[in-house]
Each structure stands twice: as structure tokens, then as C-alpha cells.
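User: I would like a close look at a single part of this model. Please keep the account plain.

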Amino acid sequence: MNRKQRLRVSAAVALMVMAFGCTPTTAQKSNTNNSENLIKKENKKMKVKELNAEEFKKLVFDYANHPNEWVFEGNRPAVIDFYATWCGPCKATAPAVEAIAGQYDGKIDVYKIDVDKQEELAALFGVQSIPTILFVPMKGQPTKNVGAMTQQMLDQAVKELLL
């Protein structure tokens with residue numbers, strides 16, 4: 001295989017990963033310390049809130065008390081980004097999620113859920129590939145999008161599904 005062919009194959013693989021998301025390997029799950037520290041520093045400046053299961057039950061959906069029906073607990077529509085610190089497409093989507101949080105501050109809530117730390121929440125929504133973004137309207141069922149999204153795509157989804 002010549003150099004041009006190798007570059008084309010590499011580009012095709014990179015595009016496939018961006019389009020279809022990530023699934024974790026054992027090595028990737030254990031190698032998150034540096035990325036987690038960066039995420040924590042970034043979260044201090046962001047309008048995006050990282051949720052654990054208990055916060056999720058209070059702010060979004062109390063699945064323990066409502067196991068068979070969706071009952072939204074929030075005061076505003078929400079965007080929930082299911083991600084992992086080691087995931088390239090998640091890292092590519094993060095700035096767009098942050099921008100949407102700033103753009104719609106006070107109109108929607110924007111949350112992040114680390115699937116490695118909150119496996120129960122990921123399983124609850126059938127998250128098998130990341131990033132997965134959940135759009136939660138005030139009334140009706142949430143809508144799920146799997147794969148990386150640009151700011152323009154997120155903006156369009158917020159306008160169509162939430163506002």
C-alpha cells in the first residue's frame with residue numbers, strides 16, 4: 001500500500017469513528033486520570049453540570065420511584081451529553097455542548113454524564129456508543145442522538161425538539 005492509500009484508509013477510519021462514536025476497551029477505561037482532571041477544571045467555568053445518579057433523579061428523572069413511566073423532574077427542557085473522557089468524538093462534541101449551554105442559558109439545562117462513572121444511567125437509556133445526546137422536552141418522551149454533533153446540529157435539535 002502506498003502512502004496515499006494509507007492516508008485515505010486512515011482518514012476513512014477516523015471519519016467512521018467520528019460518525020459512529022466510541023465503545024470502550026479495558027485499557028481506555030483505566031486511563032482516565034489526566035483527562036478527568038482537565039474536565040473538572042473545565043466544569044468550573046462551564047454552564048454544563050456533571051450529574052451523578054442521585055442528582056439525575058432530582059433534576060431529570062426519578063427512575064426509582066417511576067420505573068415504568070417517564071416523569072420529567074426538571075424545570076426547563078434539558079440536553080444530556082453521555083460521554084467518556086477517553087472518547088475522541090466526545091471531546092470533539094464537548095465545545096459544541098458548552099456553546100449551546102451558554103447560548104440557551106436560562107432557557108434549557110445542559111448536563112453531562114460520564115458513562116464510566118455512571119454505568120447505571122448509561123444502561124437506563126441504552127447508551128452503547130458515545131457520545132449519545134439526550135434531548136429532554138418539558139412534555140413527552142426524550143429523543144436520543146448517537147454520534148458526534150456540531151454546534152449547528154445541536155442548535156437545530158434544541159430549536160426543533162425543546163423550544
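How are α5 and α7 oriented to each other?

Analyst: The model is predicted, and what follows describes that model. Two packed helices are described by the angle between their axes and the distance between the axes. For helix α5, residues 88-103, and helix α7, residues 151-161, the packing angle is about 45° and the axes lie 9 Å apart. An angle of 35 to 65 degrees falls between roughly parallel and roughly perpendicular, so α5 and α7 are oblique to each other. The crossing of α7 by α5 is right-handed.

On the α5 side, the contact is formed by Ala 96, Val 97, Ala 99, Ile 100 and Gln 103. The α7 side contributes Gln 151, Leu 154, Asp 155 and Val 158. By class, the residues in this contact of α5 with α7 comprise 6 nonpolar, 2 polar and 1 charged.

Ile 130 sits in the loop that links α6 (119-124) to β4 (132-136). Ile 130 is also buried, because its relative accessibility is 3%.

Another cysteine, Cys 87, has 0% relative accessibility and so counts as buried. As for covalent links between cysteines, a search of the whole structure finds 0 disulfides.

Terms used: Residues are numbered from 1 along each chain as its sequence is written. This is a predicted model: local features need pLDDT of at least 70, side-chain atom pairs count only at pLDDT 80 or more; totals for chains, interfaces and linings use all residues. Side-chain values use heavy atoms; hydrogens and water are left out. Axes are lines fitted to C-alpha atoms, for helices over the stretch in contact, and angles run from 0 to 180 degrees between N-to-C directions. Helices (H or I, at least four residues) and strands (E, at least two) are DSSP runs, numbered from the N terminus. Angles under 35 degrees count as roughly parallel, over 145 as roughly antiparallel, 65 to 115 as roughly perpendicular and the rest as oblique. A crossing is left-handed if the near helix is turned anticlockwise from the far one by less than a right angle, and right-handed if clockwise. Contact means heavy atoms within 4.5 Å. Ala, Val, Leu, Ile, Met, Phe, Trp, Tyr, Cys and Pro count as nonpolar, Asp, Glu, Lys and Arg as charged, and the others, Gly among them, as polar. Buried means under 20% relative accessible area, exposed over 50%, partly exposed in between (1.4 Å probe, protein chains only). A disulfide is a pair of cysteine sulfur atoms within 2.5 Å.
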